[in-house]
Amino acid sequence: MTKTRETKEVDDRSPLREWSEKTLGQVEYLTYLALVVALLLLGFLWPRMFITVPTGSQGVMYRYFAGGTVTDRVWGEGLHIIPPWDHLTLYEVRLQQKTLNFDVLSDEGLNLQVSVSVKFRPYSDMLGHLHRDIGPDYFDRVIKPDIQAHVRRTFGDRSAYKIYSSANDLMLELRRISALSRKELGDGEEKKPYAQIQELDLVDLELPDAVLAAIAERYRQEQLTLEYRHRLEREEAEAQRKRTEASGIRDYNSIIGELSPDVLRWRDLEATAELAKSSNSKVVVLGGGAGSSSSLLFNVGNDSTTASPPASAASVSASSASESAASAASSAAP
């Protein structure tokens, strides 16, 4: 009897237990499913809700339910939490540099290949207007076409030779473009530039072969002209030197011709004294009579060799000796 009662109680609790276990299993399943869905949703919405603005950048907000692009505020560096239906666009506000390569025409219609370097940066307080009016690709939309037009206009007013020879003036004119101004302004809005072109440099310039050959020939002719001019100046200086030398010789001969016999005799004595100081052997004969310049005969040889004067010199020596003896005798007579 007791056994039958216990069996009946067990049979009465079985449907409740089964229902509870079934309900608990469904609840756990739904809980896990909701957790997985929440994680997936969080992973999908995380990059749209948690925005990190890196160093050197700023963000522009687009509010889906609040009027679109925000133009009076920018979002700075750091972490920002925004609604998933809004969008934050990042702009780099640091100094940026890009190189442009394109073809231009000179004044003669020659095709020149030009490479320029552009350094630019957008203004922080104008990022909202820049995003609304142009967009993130503002360089390709506005800055690049403006620079190409400016460079083509600068090169088109000059010939190829002037472009090659006046690089400094060309660089100064290229740098005159400085800011990208707003094209469309609303009522009461102040005119401010979107971005600033801080520097525009000419990196490379390729001229046609014909122009390069003409420039090389021009410089070669200039160097030849300078060489001929130098030769003319050198020859003129040499001619002037020769004229000066000839004038000096002429003056010397004129002065020598005007000297008295006493001065000439004194010069002979000086020459004889200089010969007497020499270590070489010599024979010196002076004579010629009174009132005439003394004649000088010398023979230079070794110490072991005795020089024999020629016949004419001997006769002159003899006559000079006799004259000297006569002179001495007359001076000795009372």
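**View 1. D201, a buried residue in a strand.** D201 is buried, at 17% relative accessible area (buried is under 20%, exposed over 50%, partly exposed in between, using a 1.4 Å probe and protein chains only). You'll find D201 in strand β9, residues 193-206 (strands are DSSP runs of E, at least two residues; helices are H or I, at least four; both are numbered from the N terminus). Skipping neighbours within four places in sequence, D201 is in contact with S115, V116, S117, M171 and R175 (contact is heavy atoms within 4.5 Å).

This is a predicted model: local features need pLDDT of at least 70 and side-chain atom pairs 80 or more, while totals for chains, interfaces and linings use all residues. Residues are numbered from 1 along each chain as its sequence is written, and side-chain values use heavy atoms, leaving out hydrogens and water.

**View 2. The salt bridge of R63 and D86.** Here the two side chains meet at 3.5 Å, N to O (a salt bridge is a side-chain nitrogen of Lys or Arg within 4 Å of a carboxyl oxygen of Asp or Glu). R63 sits in strand β2 and D86 in the loop between β4 and β5, so the pair ties together parts 23 residues apart in sequence. R63 is partly exposed at 26%, but D86 is buried at 5%.

**View 3. K119 meets E199.** In this salt bridge the closest N and O atoms are 3.8 Å apart. K119 belongs to strand β7 and E199 to strand β9, 80 residues apart.

**View 4. E245 and R241 in helix α6.** These side chains form a salt bridge at 3.3 Å, N to O. Both lie in helix α6, 4 residues apart, about one turn of the helix. Salt bridges with shared partners join E238, R241 and E245 into one network.
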